[in-house]
Amino acid sequence: MWRKNFGLLAKGFCIGSVDVVPGVSGGTMAFILGIYQDLINAIKSFDTSWLKSCVGLDFKEVLTKPHFSFLIPLGIGIVLALIFFTRIIPLPVLIQTHPVAIYSLFFGLIIGSILFLVRRFNVLIILKQIIFLISGLAFGAFVVTLVPASTPNDSWFIFLCGVLAISAMMLPGISGSFILLMMKKYAYIFNAIGHFQLSILLPFITGVIIGLIFFSRLLSFLLKNFYQQTMMFITGLLIASLYVIWPFQQRQYEMIRNKERLIDSMPYIPTEWSNDVSYAVIMMIMGFLLVVIFEWLAGKSSNVTE
């Protein structure tokens, strides 16, 4: 049991670490680690019958029905990562001082996960479901290349931002913070969090909760009934996310609550070989090898279980 809990804590730590990185989705890391569907099912376990148990003060049902054995160690790992990479090793600072190395590592991780994902399906399945791969690629490309527009500050729109941000965060390849940026509410929401402005936070948090409830069920339904099509669509999203994870970008930052935040980036291809290019290649290989290790450990674990 302790091995399982430690493993979940470590995976939570990985998910929390990428949540600090602009443009990288925690859903992507959950997907790479092989716990994506388990995470969706765990969120889905907070259903209407659980709410009825809360109202009826059925504490046994309240404490046993949700997948707490999965969520608690995973959540602890996420919180520890957020603390570690903001207080001890400030990853947001490293992203600005060493963006090529950090983004190259995640680029290699995503490339590896795409290749291993495609490997699970034979050529006939891929050709049969190619339209879903293309659809995911097109949708992902549309989202990551959106130009921020002027948007209202009304409560209904803040609520919508919460729904879309958490829904995007659950999809591999799309960052929730990136969605807030596209909806021109990244600074607005972060300022509200920093100053604890309930008039903004309440509709946003409500939107997050509603998004979690409905979108987790939609994803669970799709994975259960249209597994191949959903996985092909997700693969397309992952491919599209490489656009914003590409290490060589012209990045634009903005001061938000006395901290520089990434607000825009434009990828480019280096024309000459340099130390940065060498570092990028090394880190991409390391990222790819990490996925190989994850896959090997996951396979070994499933063999032991069987």
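Before the first stop, a word on terms: helices here are DSSP runs of H or I with at least four residues, numbered from the N terminus. Keep in mind too that this is a predicted model.

Start with the whole chain in cartoon view. Of the chain's 306 residues, 42% count as buried. Among contacts with a separation of 6 or more, 74% join residues 24 or more positions apart.

Next, select Q129. Where does Q129 sit? Look in the loop between α9 (123–128) and α10 (130–144). Is Q129 buried or exposed? Its relative accessible area is 5%, so Q129 is buried, as the cut-off for buried is under 20%. Show what surrounds this residue: leaving aside neighbours within four places in sequence, Q129 is in contact with Q228, Q229 and M232.

Now for the largest nonpolar core. Select M29, Y36 and F70, which touch the most other members among its 49 residues. Then colour helix α8 (residues 99–119), as this helix gives the core its largest share, 10 residues. Zoom in on M29: beyond its neighbours within four places in sequence, M29 is in contact with C14, I15, V18, F106 and L109.

For the last stop, select F157, I166, M183 and I189. They are among the 16 residues of another core, which lies apart from the largest one. In soluble globular proteins, nonpolar side chains tend to be buried together.

Notes. Residues numbered from 1 in each chain as written. Predicted model: local features only at pLDDT ≥ 70, side-chain atom pairs only at ≥ 80, totals over all residues. Heavy atoms only, no water. Buried < 20%, exposed > 50% of the residue type's maximum accessible area, 1.4 Å probe, protein only. Contact = heavy atoms within 4.5 Å. Helix = DSSP H or I, 4+ residues; strand = E, 2+ residues; numbered from the N terminus. Core = buried A, V, L, I, M, F, W, Y, C linked by side-chain atoms within 4.5 Å.
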